[in-house]
Amino acid sequence: MINRESKQKEFIKQYYEKRIDDLIGKMTLEEKVGQLVQISPSIFGAFGLTFDETIEKLINGEITPAEFEALERNYREDEIRQGTLGCMGGVHGAEKSNELQKIAVEESRLGIPILFGLDVIHGYRTIFPIPLAEACSFDIEKIKESARIAAKEASAAGLHWTFAPMVDISRDPRWGRVAEGAGEDPYLGSVIAKARVEGFQGESLDNPESILACAKHFAGYGAPDGGRDYNTVDMSLQTLHDVYLPPFKAAAEAGVGTFMSAFNDLNGIPCTVNKYLLTDVLREKFGFNGFVVSDANSIPEVVVHGYAEDNKAASKKALNAGLDMDMSQGTYRNELPELVKEGDILEEVLDEAVRRVLRVKFLLGLFDNPYRTDAKKEEKTLLCKEHLEAARDISRRSIVLLKNENNALPLKKDLKKIAVVGPLAENAAEMLGTWSHTGNPSDVVTIISGIKAAVSTETEILYAEGCKITGEECIDFEGAVRVAKESDVIIAVVGENSDMSGEAASRIDINLPGKQEELLKELRKIGKPLIVVLINGRPLTIPWEAENVDALVEAWQLGTQSGNAIADVLFGDYNPSGKLVATFPYSVGQVPIYYNNPMTGRPAGKIKFTSKYIDGPAEPLYPFGFGLSYTTFKYENLSILSAENKIGDTVAVKVYVTNTGEVSGEEVVQLYVSDVVASRVRPVKELKSFEKVLLQPKECKTIIFKLNTKDLGFHDENMNYVVEPGLFKVYVGTNSKECLEGEFTIVALD
Ligand code: GLC
């Protein structure tokens with residue numbers, strides 16, 4: 001029996017499809033191509049320069065971002081009026097977007113509304129933790145809420161579309177964009193991809209507070225050779241489908257409205273013109289029915305890849321592969337009309353791409369409600385109290401406690417003197433992290449401000465920068481040592497600046513930059529409790545710190561509420577619960593290093609002829625899933641409620657977890673599985689479920705996982721997804737290394 005709701009949906013679908021047919025029937029070729037174009041406002045040449053020269057100076061730092069933002073822009077009103085510009089990037093602000101939308105809707109021939117898109121990666125004005133940090137919270141509902149708040153603020157500012165979530169799996173912390181994703185695990189990456197899509201898009205896209213999401217970068221972008229951004233990617237189709245595609249599949253199943261093709265080539269074919277990816281996998285296998293946008297300029301870059309002679313050939317390959325919209329300075333607009341007129345591209349192929357874009361605009365409700373916000377709504381929504389409170393909560397949940405010895409933490413709030421030193425202690429801008437250009441450093445609670453707000457009025461906070469984040473100049477170790485000697489405890493805040501991760505920010509070494517480690521060594525000599533707070537956008541190689549400091553707090557880049565969140569953890573107002581979602585190598589020489597490594601014939605061991613290094617450990621510094629608490633947890637009595645199972649059965653796994661400490665705390669109980677013998681070598685273990693539980697002191701909880709055996713498969717040598725009978729081991733624990741073990745078998749169907 002079809003229920004009323006699905007009948008309604010069906011009617012709306014038919015109604016939209018009819019309106020789309022009518023529109024396409026009226027559109028000229030130029031108007032059709034205009035719907036497949038996303039262009040940003042151009043910038044009048046500043047300082048007597050051309051646009052490109054202006055960008056060059058910005059990249060070289062000769063023009064500050066503020067100067068760049070202040071430059072006068074050409075908003076391309078004529079192109080909008082002519083109906084040859086269907087989408088704009090880089091336009092935000094309720095008034096400006098309404099002004100341009102009015103031209104499109106009321107002055108162009110067919111009144112097709114414009115789509116305004118922007119990178120709202122971890123917040124619009126209220127900036128949330130970088131996505132890598134949020135993933136460490138393992139708090140799926142909070143992650144979804146964070147995306148929802150970003151959508152509310154972005155839509156209030158006139159935006160319809162965010163180029164997020166970035167769902168690229170990465171096993172290489174040299175790659176700067178690891179900051180934007182959810183780490184190295186396909187299962188966690190899939191759960192978070194779904195949550196972020198649902199957060200951005202809400203229950204329904206035509207809710208004025210919802211924005212279109214975009215699963216990017218499709219695909220394999222997180223596995224560039226050498227960890228160097230944009231570099232070539234080569235992997236087996238099995239690895240592609242078992243490791244890198246699951247989060248994209250999850251995003252498609254969650255109803256994501258758009259995908260973005262990746263810059264890289266995959267096995268020799270640039271993703272932007274890769275029919276296997278954009279049509280065979282995305283449309284036919286995943287059932288995706290939104291539209292695909294290229295990454296910036298990636299269509300003309302197909303020529304640079306050496307995969308097309310010129311932009312015309314690249315455009316033809318891209319559209320025929322399934323690339324619907326061109327994010328660039330107009331390649332499709334320059335090339336497609338002639339390709340269609342010459343018959344090199346069938347007009348029905350063009351029409352299908354136009355249909356996909358128009359369908360999304362209808363689903364957003366833009367035809368019936370093109371003006372979704374106004375200046376008053378924008379003013380009321382951005383940075384409101386509820387958003388700041390939510391940001392503080394997810395921020396402290398994203399913090400990972402890596403070390404806590406000699407009862408260093410939590411600190412008392414009535415200490416007489418606290419030294420807060422280091423180049424990131426009172427820095428605001430770097431707390432925002434990568435992709436936070438719509439945020440404002442003046443909104444940020446710095447770490448020193450957060451600490452001051454947390455302690456008693458009698459406590460004196462002494463500050464010294466000590467050194468810069470990078471470089472060798474402005475070293476003032478003496479000043480830092482002086483304030484440290486006067487104090488009861490030393491909090492040193494060190495790490496990276498925000499443009500050392502994110503796009504085009506691969507690092508050849510991933511240690512603390514500059515002279516920061518030398519500063520810590522000077523502070524260590526004083527012999528007072530030394531607490532190090534890390535502000536960074538990727539795993540770092542910090543073996544000396546791990547060995548020598550009393551407490552090590554991974555605080556990532558937490559955004560607007562950084563200082564309050566970090567103070568909440570340092571002074572015990574929140575018991576840290578974060579777990580690492582990306583392995584911390586002992587040395588960059590170990591990279592790529594990740595927990596779900598395929599089984600080797602000679603696992604690293606004590607004897608010589610095993611898979612290890614002769615000059616360092618094979619084990620990471622901190623493994624996937626690692627994170628401490630101010631309390632302790634005990635795992636016992638792991639049991640599998642059915643030893644023999646058939647494919648399709650649900651296997652129940654039970655464990656008891658007790659809080660054996662004196663304070664309440666949250667624990668991320670993790671469940672891993674390993675397929676002991678299979679027709680392809682399988683990982684030593686794979687995360688298949690987790691549950692975050694709050695336990696009061698001495699409280700014991702029974703955790704029961706329900707494993708669907710269908711989720712225990714992989715792609716075999718013929719690229720079939722298979723679940724093979726045999727022995728499976730189960731690991732349940734507090735991280736990927738410390739687990740209780742159990743096992744069960746899957747028996748062959750008769
Ligand atoms: C960039 C990024 C992509 C972003 C786009 C628009 O080059 O690769 O993630 O969404 O351009 O800014």
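This is a predicted model: local features need pLDDT of at least 70, side-chain atom pairs count only at pLDDT 80 or more; totals for chains, interfaces and linings use all residues.

**Charges**

I began with the salt bridges, taking one as a side-chain nitrogen of Lys or Arg within 4 Å of a carboxyl oxygen of Asp or Glu. My search of the whole structure came back with 58 salt bridges.

Residues are numbered from 1 along each chain as its sequence is written, and side-chain values use heavy atoms, with hydrogens and water left out.

Next I picked out single pairs. For burial I used relative accessible area with a 1.4 Å probe and protein chains only: buried is under 20%, exposed is over 50%, and partly exposed is in between.

- K249 and E253 meet through their side chains in a salt bridge of 2.9 Å, N to O. Both sit in helix α11 (residues 246–253), four residues apart, which is about one turn of the helix. K249 is partly exposed at 36%, and E253 is exposed at 58%.
- R356 pairs with D324 in a salt bridge, the closest N and O atoms being 2.8 Å apart. This one links distant parts of the chain, 32 residues apart: R356 is in helix α16 (residues 347–363) and D324 in the loop between α14 (311–321) and β12 (326–327). R356 is buried at 13%, and D324 is buried at 2%.
- R507 and E496 form a salt bridge with closest N and O atoms 2.9 Å apart. R507 and E496 each lie in the loop between β16 (489–495) and α21 (516–524), so the pair ties together parts eleven residues apart in sequence. Both R507 and E496 are buried.

**Rings**

How many aromatic pairs are there? I paired rings of Phe, Tyr and Trp (its six-membered ring) with centres within 6.5 Å, calling planes under 30 degrees apart stacked, over 60 edge-to-face and the rest tilted. By this rule I got 20 aromatic pairs.

F584 and Y622 make an edge-to-face pair, because their ring centres are 6.2 Å apart and their planes stand at 70 degrees. Both residues are in the loop between α23 (562–570) and β19 (633–640), so the pair ties together parts 38 residues apart in sequence. F584 is buried at 0%, and Y622 is buried at 7%.

F728 and F744 are stacked, because their centres are 5.6 Å apart and their planes are at 5 degrees. F728 belongs to strand β27 (residues 726–733) and F744 to strand β28 (residues 739–747), 16 residues apart. I found F728 buried at 1% and F744 buried at 2%.

I also noted one aromatic cluster formed by Y15, Y16, F362 and F367.

Then I looked for charges over rings (NZ of Lys or CZ of Arg within 6 Å of the ring centre and within 35 degrees of the ring normal). K216 lies over the face of W435, at 5.5 Å from the ring centre. K608 lies over the face of F609, at 5.6 Å from the ring centre.

**Cores**

In soluble globular proteins, nonpolar side chains tend to be buried together. I took a nonpolar core as a set of buried Ala, Val, Leu, Ile, Met, Phe, Trp, Tyr and Cys residues joined through side-chain atoms within 4.5 Å. The largest has 106 residues, of which W161, F218 and F259 touch the most other members. Helix α16 gives this core its largest share, seven residues. Apart from it lies another core of 100 residues, I130, L401, I531 and V533 among them.

I listed contacts as heavy atoms within 4.5 Å. Beyond its neighbours within four places in sequence, F218 is in contact with residues including L245, F248, F259 and F286.

**Q38**

Q38 lies in strand β1 (residues 37–39) and is buried at 3%. Leaving out residues up to four places away in sequence, Q38 touches W161, F163 and D326, among others.

Notes:
Helices (H or I, at least four residues) and strands (E, at least two) are DSSP runs, numbered from the N terminus.
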